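Me: I am new to this structure and would like a close look at one part of it, the place where the two chains meet. Please describe that part and the charged pairs that go with it.

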Amino acid sequence: MENVESLNAAGIGVRFGGVIALEDVSLEIVPGEIVGLIGANGAGKSTFINVLSGFQRPSTGTVRLSGRDLRGMPSHLVARAGVVRTFQAVRLFSELTVAENVAAVAAVRGEAAASSRRLLATVGLESAADKTAAALSYSDQRKLAIARALALSPRFLLLDEPAAGMSPDEALTLGAALRDLVAERGIGLLLVEHNMDLVMSVCQRLVVLDVGRVIARGTPAEVRADPAVRAAYLGGVPHGTA
Amino acid sequence: MTWFVQALVDATSIGSIYALTALGIGLIFGIMRLINFAHAEFITIAAYVVMLTIAFGFPVALFAAAAGVLILALLSERLAFRPVRGADPSTLLITSFALSYLLQNTLVLIFGARPSGLNILPELSQPILIGGVRLPIIHLVTIAVTVLLLAATGAFLRKTRMGIEMRAAAADFEMARLLGIRANRVIAAAFGLSGVLATAAAILYVAQTGVVEPRLGLHLALIGFVATVVGGMGSLPGAVLGGLAVGMVTVFLQVLLPADLRPYREAFVYLAVILVLVLRPQGLFRPASARERV
């Protein structure tokens, strides 16, 4: 078990004062799979990503990367160990060009400029390489954030709402890119996302959070059919998006 | 017309020195959100090193000053600023004041508070005649050296890995660190570069004024700080343009103010600064992209 590559969170609990943000959440991701984490706003999805990426020390539970304990490790070391995240707020280096945003990171990995271009191609931004990051559209900024995260050659990638602000078509393209990415690089992907079309089409497994607890897990079809999920979450979303 | 060309060259020359100072301060602020008042002493100490070594010839003095201040800047980072990195900006500011006073008073202790004369390159203080305008060579040299240094700094920041990492760190330090950019290396490099810029500013300034004293850098650093604010905190081109702008305003006020108001020139300079801050609080040259997103 210890030798198998995986990102494993077990029994994660997070309390802010008296408020329970997460309680007993367990989740394992293995290379080559896309796991979706869904739930209403405030369900604890971002807090969970914060825990996995070392931004939030859990009150209880453990996070292990292929058997290695990540709990209490500062976030930049977690990233170096192979668990890289993106942010809802994107946080690009806005005054740098698109290529430079990736190159700043690829430089760390000692990769050539050519590989920066290839990363941009992965997310469909190669033609925008010389634009300033701040000049990109909202959805292109999210794609760039993914390319930049990939420049670290992660084993596990945690995407916090990558499709926010994207049109249905753009989200579809993103979904295809994510699938290719996982297939080509053999990384494990955790997708936190509100766009149900995207989640349902790319994820092999879903975990549903509600008020900090896991209320369902399974394949997209199983989760969609789960009455508890419908009641807590999907029911609130207009028909057709679920 | 002659007076205008003379004043313009004067203004560009002094503005160049302000620009180099502002760039040195702006670099560190951009990355660490530290307003490094000890930059003043980086400049002063460069001038004293030149004074102590000029007997061995200018190239030796130049090298000694650059190397000395580079080491001083790296030591300051390691011993004074790294321990408080990530503390809130006021702690950083107070730390830089403390370091500044420590270095300044050490200089007073060693060299005394009185100014000493220092003629770095006497041949440069000669004027040359260009189209009927008398221009001190040192002004032209100052402008040329500054243009070269700014171009070199720009190329470093755009073309080298370290430069791109430095700009990334300036844009979002935490994110840069998260993405694996080595914070210690980038910050040390920024301090090193800032030290080199301080040395250049010191030598050009002393070559013009011919005087070295323990508070020499303070005047420049204060103006350099004002220039970064006027130019737009966090923008390096802004810092450079801000420095030039302050130089321009200072010199043209000197020329254009009625004789009995000239002693109050500085008051008018700072009045202009206040006006800028009231009308454009984000600074004159700060690009829209640099604004915080909400």
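Reply: The model is predicted. At the interface, 21 residues of chain B are in contact with 24 residues of chain A. The two chains bury about 2200 Å² between them, and 59% of that area is on carbon and sulfur atoms. On the chain B side, Met175(B), Leu178(B) and Leu179(B) lose the most area to chain A, together 28% of what that side buries.

The rule finds three salt bridges across this interface, and also three residue pairs in polar contact. Two helices of chain B, α6 (161–171) and α7 (173–178), each supply at least two residues of the side that touches chain A. The largest share, six residues, comes from α6(B). By class, this side of chain B has ten nonpolar, two polar and nine charged residues.

One of the salt bridges pairs Arg167(B) with Glu100(A), at 2.7 Å from N to O. Arg167(B) lies in helix α6 of chain B and Glu100(A) in helix α3 (residues 98–106) of chain A, so the pair joins two chains. Both Arg167(B) and Glu100(A) are buried.

Another salt bridge is formed by the side chains of Arg91(A) and Asp172(B), with an N to O distance of 2.9 Å. Arg91(A) and Asp172(B) belong to a network of salt bridges that also includes Glu174(B).

Over all chains, a search of the whole structure finds twelve salt bridges. Among them is the pair Arg85(A) and Asp160(A), whose closest N and O atoms are 3.9 Å apart. This pair links distant parts of the chain, strand β6 and strand β7 of chain A, with the two residues 75 residues apart. Both Arg85(A) and Asp160(A) are buried.

Methods. Residues numbered from 1 in each chain as written. Chains lettered and ligands numbered in written order. Predicted model: local features only at pLDDT ≥ 70, side-chain atom pairs only at ≥ 80, totals over all residues. Heavy atoms only, no water. Contact = heavy atoms within 4.5 Å. Buried area = accessible area lost by both parts, 1.4 Å probe. Salt bridge = Lys/Arg side-chain N within 4 Å of Asp/Glu carboxyl O. Polar contact = N/O pair within 3.5 Å; in protein donor to acceptor, adjacent residues only side chain to side chain. Helix = DSSP H or I, 4+ residues; strand = E, 2+ residues; numbered from the N terminus. Nonpolar A, V, L, I, M, F, W, Y, C, P; charged D, E, K, R; others polar. Buried < 20%, exposed > 50% of the residue type's maximum accessible area, 1.4 Å probe, protein only.
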